[in-house]
Amino acid sequence: MEAECAWDAEDGIMLVWRNGTTLSKVGPYNGHLTNKNAYGDETLRDVVYKARNTEYMTRIVELVSR
């Protein structure tokens, strides 16, 4: 999903869901489906939201049912 943002009209915002069920990326609209691809950084493979301050970075947590 992509949308225009009043605070960032040039880039907009992009939300990406994996398999329609897991939110996997939130960030500026840049055409990339993952933060790993957007930044070319393998350490971001499970990052949903890449914050400047890593304390606020959001990662995907896979829940495994037993």
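1. Let's start with a term: two strands pair if DSSP finds at least two bridges between them. Helices (H or I, at least four residues) and strands (E, at least two) are themselves DSSP runs, numbered from the N terminus.

2. A word on what you're looking at. This is a predicted model, in which local features need pLDDT of at least 70 and side-chain atom pairs count only at pLDDT 80 or more, while totals for chains, interfaces and linings use all residues. Residues are numbered from 1 along each chain as its sequence is written, and side-chain values use heavy atoms, with hydrogens and water left out.

3. Now the overall plan. The protein has one helix and five strands, and from the N terminus on they come in the order β-β-β-α-β-β. Of its 66 residues, 24% are buried (buried is under 20% relative accessible area, exposed is over 50%, and partly exposed is in between, with a 1.4 Å probe and protein chains only). Take the contacts (heavy atoms within 4.5 Å) with a separation of 6 or more: residues 24 or more positions apart account for 9% of them.

4. On to the sheet. Three strands make an open sheet in the order S1-S2-S3, and the pairing is antiparallel. S1 (2-3) and S3 sit at the edges with a single partner strand each, so one side of each has no neighbour in the sheet. As background, strands of a sheet pair through backbone hydrogen bonds, either parallel or antiparallel.

5. How many residues lie between S2 and S3 in their hairpin? The hairpin has three residues between the two strands. Arg18 has Thr22, in S3, as its bridge partner. Have a look at Asn19, in the loop between S2 and S3: its phi is near 55°, a positive value in a residue other than glycine. For context, most residues other than glycine have a negative phi. Asn19 is also exposed, because its relative accessible area is 71%.

6. Ser24 belongs to strand S3. Is Ser24 buried or exposed? Ser24 counts as buried because its relative accessibility is 9%. Leaving aside neighbours within four places in sequence, Ser24 touches Val16, Trp17, Arg18, Leu33, Val47, Val48 and Ile60.

7. Salt bridges next (a side-chain nitrogen of Lys or Arg within 4 Å of a carboxyl oxygen of Asp or Glu). Searching the whole structure turns up three of them. Lys36, Glu42 and Arg45 are linked in a network: Lys36 meets Glu42 at 3.4 Å, N to O, and Glu42 meets Arg45 at 3.6 Å, N to O. Lys36 is partly exposed at 30% relative accessibility, and so is Glu42 at 43%. Arg45 is exposed, with a relative accessible area of 54%.

8. Another salt bridge joins Arg59 and Asp46, at 2.5 Å, N to O. Which parts of the chain does this pair link? Arg59 is in strand S5 (residues 58-59) and Asp46 is in the loop between H1 and strand S4 (47-49), so these are distant parts of the chain, 13 residues apart. Arg59 counts as partly exposed because its relative accessible area is 40%, and Asp46 counts as partly exposed at 27%.

9. Last, the largest pocket, which holds about 200 Å³ of space. On a 1 Å grid over the protein atoms alone, a pocket is an open set of points where a 1.4 Å probe fits, with protein on both sides within 12 Å along at least five of seven lines, and lining residues have an atom within 4 Å of a point. Grid points are joined across faces, edges and corners, and the volume is the space filled by probe spheres set on the points.

10. Which residues line the largest pocket? They are Val26, Gly27, Pro28, Asn35, Tyr39, Tyr49, Lys50, Ala51 and Arg52. Strand S3 (22-28) and helix H1 (35-39) each supply at least two of the lining residues, and S3 gives the largest share, three residues. By class there are five nonpolar, two polar and two charged residues (Ala, Val, Leu, Ile, Met, Phe, Trp, Tyr, Cys and Pro count as nonpolar, Asp, Glu, Lys and Arg as charged, and the others, Gly among them, as polar).
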